[in-house]
Amino acid sequence: MTNFNKPIKAAALALCVLAAGCAAQYRNHGYVPNEEDLANVVVGVDTADSVAETVGAPTAGGVLDEGGYYYVRSRVRTFGPFRPTEVERELVAISFDGNGVVSNIERFGLEDGRVVTLSRRVTDNGLNNVSFIRQLLGNIGNFDAGSILQ
């Protein structure tokens, strides 16, 4: 009777381990100030420096002279072998006017998200879809003994 219980216990243990491995895992990234801290920021009065002191340093800043502060937080769920999915995103945007004074405070969520195409500056290397092997083979015969000896 003892030998019969060992396989059942082993199977039950394996089933428990598999079930635990399939539990969802969550990761949090970034920082967004809470409502109480944002209530201390006064539109038309506070400056960029006072905002950083009140609610903390921003995740990102605007790239223009009159840019803003952006605080971003996201929560990502990983479940078993599936691709991680973002289940929650929150963004707080604090805008400044030309004098560096707070002009607007906005909060956005995942439902407000849109795909934004970023422009990049990429240096053209002059290689139009030429593979490394093709570059090597293309150089065969382009050398002469005179240029190597000089």
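Apart from neighbours within four places in sequence, serine 74 is in contact (heavy atoms within 4.5 Å) with Arg27, Asn28, His29, Glu86, Glu88 and Arg89. The structure is a predicted model, in which local features need pLDDT of at least 70, side-chain atom pairs count only at pLDDT 80 or more, and totals for chains, interfaces and linings use all residues. Residues are numbered from 1 along each chain as its sequence is written, and side-chain values use heavy atoms, with hydrogens and water left out.

Serine 74 belongs to strand E3 (residues 69–78); strands (E, at least two residues) and helices (H or I, at least four) are DSSP runs, numbered from the N terminus. With a relative accessible area of 15%, serine 74 is buried, a label for values under 20%, with exposed meaning over 50% and partly exposed in between (1.4 Å probe, protein chains only).

Beyond four places in sequence, valine 51 touches Val41, Asp46, Gly56, Tyr69, Tyr71, Ile94, Phe96 and Val102.

Proline 58 sits in the loop between helix H3 (48–55) and strand E2 (60–61) and is partly exposed, at 26% relative accessibility. Residues up to four places away aside, proline 58 touches Tyr69, Tyr70 and Tyr71. The C-alpha atoms of proline 58 and tyrosine 70 are 5.6 Å apart, although twelve residues separate the two along the chain.
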